[in-house]
Amino acid sequence: MALGEFDLIRRYFQHPLAQPGVHAGVRLGNGDDCALLQPGPGQVLAVSTDMLVAGRHFFPDVAPRALGHKALAVNLSDLAAMGARPLAFALALALPQIDEPWVQEFAAGLLALADAHGCALVGGDTCAGPLNVCITVFGELPPGLALRRNAALAGDDLYVSGSLGQARLALEALRGRWRLPEAALARCRQRLEWPEPRLALGQGLRGLAHAAIDLSDGLLADLGHVLRASGVAAQLDVPALLASPAVGPDVRALALVQPALALTCVLAGGDDYELLYTAPVAARSALERLGRELGLELSRIGRIVAATDAGPQCSLVDERLQPYALPPGVELKGFDHFA
């Protein structure tokens, strides 16, 4: 007998964390018209929604377990950028048809990441339609400690976590624009399909960093959001960026033969889901300790400066603060959901 909508939910999306008495933040999970959430004492809610559309945000033949992981990971990354702790999420899922093996794998990837971060699946919706995954995530944090985009100050250092460009490099390889050795493709594809939300870093940055954003659409594009919101400008030290751990070995190897493509991957690649943040110079030692505690590279790649008549824009500079000359063919425009 064909599986119906509610059988589908009961079989694959009934999350143990959402059962009464299991999760302190969940008063009522899925199965009613609304879920009831209870943030901790003195906490405020942080809420974010992301939609992933087949053919737009992922290849239609992507492994369903990887898609389940990424669908939640990109939402958790938004919580990380605000310094919030995950609480719960709701899932809206459109499927062309109910393919049980596919759904089982998708749910496994989704709920494994949810369990790892104590984030309960508390409701949502399913229906027939083109493959589409939409998640709304709820987190909590103390009032006044959110890492907002509009808080960058002139004089701040500019940092990025982890490494950039591998997800874009995997995308270019899968599109046939560039060939990668098998091992390199596997590493880069892991970054594209299995991003790790930097939740511990985001919470550790509370009280240290001023502004933050997660890198979903590309370094320059997402930095631009911070600069416009804060009314400041930035100087991005390109040689420091290229020499830092923010450029991983696969992208560094590409730079030897295709410098324009490598710089495109780093500056405008997207899908990195690392954190870009600003912090005062006085926080440098504390940030070094935080990076060591987390086992995560935190690279200082530039500085925030006062906006000039040119407005809140980013200048690409060298170590002498002179304009950095990019090789021909570098793309600086980040991902546009409607382009």
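Visitor: What do the axes of helix 9 and helix 10 do?

Guide: In this predicted model, the axes of helix 9 (residues 249–257) and helix 10 (residues 259–268) come within 6 Å and cross at roughly 145°.

Visitor: Which residues in helix 9 and helix 10 meet, and what classes does the contact have?

Guide: Val251, Leu254, Ala255 and Val257 in helix 9 meet Pro259, Leu261, Ala262 and Val266 in helix 10. By class, the contact of helix 9 with helix 10 has eight nonpolar residues, with no polar and no charged ones. Val, Leu, Ala and Pro count as nonpolar.

Visitor: Why are helix 4 and helix 5 called roughly perpendicular?

Guide: The axes of helix 4 (residues 166–174) and helix 5 (residues 182–193) come within 7 Å and cross at roughly 115°. Angles of 65 to 115 degrees count as roughly perpendicular, and helix 4 and helix 5 are therefore described in that way. Their crossing is left-handed.

Visitor: What makes up the contact of helix 4 with helix 5?

Guide: In helix 4, the residues are Gln166, Ala167, Leu169, Ala170, Leu171, Ala173 and Leu174, and they meet Leu185, Cys188, Arg189, Arg191 and Leu192 in helix 5. These residues divide into nine nonpolar, one polar and two charged. Arg counts as charged, and the contact includes Arg189 and Arg191.

Visitor: Why is one side of strand 3 and of strand 5 left without a neighbour in the sheet?

Guide: Four strands form an open sheet in the order 3-6-4-5, with mixed pairing. Strand 3 (44–53) and strand 5 (120–128) stand at the edges and each has a single partner strand, so one side of each lacks a neighbour in the sheet. Neighbouring strands of this sheet are turned by 15° against each other on average, direction ignored.

Visitor: How do you know that strand 4 and strand 6 pair?

Guide: At least two bridges are needed for two strands to pair. Nine bridges join strand 4 (residues 85–95) to strand 6 (residues 132–141), and these strands run antiparallel. Ala92 stands opposite Cys134 in strand 6. Helix 3 (residues 100–116) packs on the sheet, touching strand 4, strand 5 and strand 6.

Visitor: Is His15 counted as buried or exposed, and why?

Guide: His15 is found in the loop between helix 1 (5–12) and strand 1 (26–28). Buried means under 20% relative accessible area; at 1% relative accessibility, His15 therefore counts as buried. Leaving aside its neighbours within four places in sequence, His15 is in contact with Leu111, Ala114, Asp115, Cys119, Ala120 and Leu121.

Definitions and conventions: Residues numbered from 1 in each chain as written. Predicted model: local features only at pLDDT ≥ 70, side-chain atom pairs only at ≥ 80, totals over all residues. Heavy atoms only, no water. Helix = DSSP H or I, 4+ residues; strand = E, 2+ residues; numbered from the N terminus. Axes fitted to C-alpha atoms, helices over the stretch in contact; angles between N-to-C directions. Contact = heavy atoms within 4.5 Å. Parallel < 35°, antiparallel > 145°, perpendicular 65-115°, else oblique. Left-handed = near helix turned anticlockwise from the far one by under 90°. Buried < 20%, exposed > 50% of the residue type's maximum accessible area, 1.4 Å probe, protein only.
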